[in-house]
Amino acid sequence: MNLRVGIVGISGFGGGEALRLIASHPSFELVYAAGEGSAGCRLIDRFPGVPGKLAGLVIEKWTPETLPKLDLLFASLPTGASAEALARVPQEVRIVDIGGDHRYAEGWTYGLADIWPDRIRGQSRIANPGCFPAATLNALAPLLAGGLIEPGNIVIDAKTG
């Protein structure tokens with residue numbers, strides 16, 4: 001069963017990574033791509049290594065009202081840019097917000113599939129944790145589950161640049 005998938009914010013790093021993963025996923029069919037900085041370009045012009053089946057897909061300007069029929073939308077918009085627009089996406093379209101607007105928003109599930117698959121199963125609005133939570137939780141979860149470390153005194157010292 002193929003899911004009709006879209007990416008908004010495809011011009012940025014998160015959107016590009018979503019494209020990379022979706023392009024080779026056996027159950028995803030990318031049918032919609034949107035990005036402010038690359039609207040009007042074909043995917044092949046922006047991402048030279050894209051598979052041939054996606055090469056001719058034209059990147060559109062992002063407007064929730066003109067979405068094609070989608071099963072799933074990955075949103076990778078800058079913090080502060082997605083809350084209002086994603087509220088206008090039809091409820092039947094499942095959304096994974098890669099950005100930061102919905103991580104603690106009511107009606108959205110804070111979910112990391114590798115750690116909490118049961119939390120996100122069946123949900124229609126998923127807020128993806130940021131880089132630091134994802135990195136630390138993915139590293140610590142198996143150690144905690146195996147009883148190899150104690151949960152009480154974990155200190156994470158992380159830098160970004």
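The following is a short exchange on how some terms apply to this predicted model.

Mentor: Local features need pLDDT of at least 70 and side-chain atom pairs count only at pLDDT 80 or more, while totals for chains, interfaces and linings use all residues. Residues are numbered from 1 along each chain as its sequence is written, and side-chain values use heavy atoms, with hydrogens and water left out.

Trainee: Why is Leu19 called buried?

Mentor: Buried means under 20% relative accessible area, exposed over 50%, and partly exposed in between (1.4 Å probe, protein chains only). Leu19 has 4%, so Leu19 is buried. Leu19 lies in helix 1 (residues 13-23); helices are DSSP runs of H or I with at least four residues, strands are runs of E with at least two, and both are numbered from the N terminus.

Trainee: What does Leu19 touch, not counting residues up to four places away in sequence?

Mentor: Contact means heavy atoms within 4.5 Å. The residues in contact with Leu19 include Ile7, Leu30 and Phe47.

Trainee: How do you know that Arg125 has no salt bridge?

Mentor: A salt bridge needs a side-chain nitrogen of Lys or Arg within 4 Å of a carboxyl oxygen of Asp or Glu. For Arg125, which is buried, the nearest side chain of opposite charge is Glu92, 7.4 Å away. The side chain of Arg125 does reach the backbone oxygen of Pro90, at 3.3 Å.

Trainee: What makes strand 1 and strand 3 a pair?

Mentor: Two strands pair if DSSP finds at least two bridges between them. Strand 1 (residues 3-8) and strand 3 are joined by four bridges and run parallel. Gly6 stands opposite Leu73 in strand 3.

Notes: Lys and Arg count as positive and Asp and Glu as negative; His and the chain ends are not counted. A polar contact is a pair of N or O atoms within 3.5 Å; within protein, one must be able to donate a hydrogen and the other to accept it, and residues adjacent in sequence count only if both atoms are side-chain atoms.
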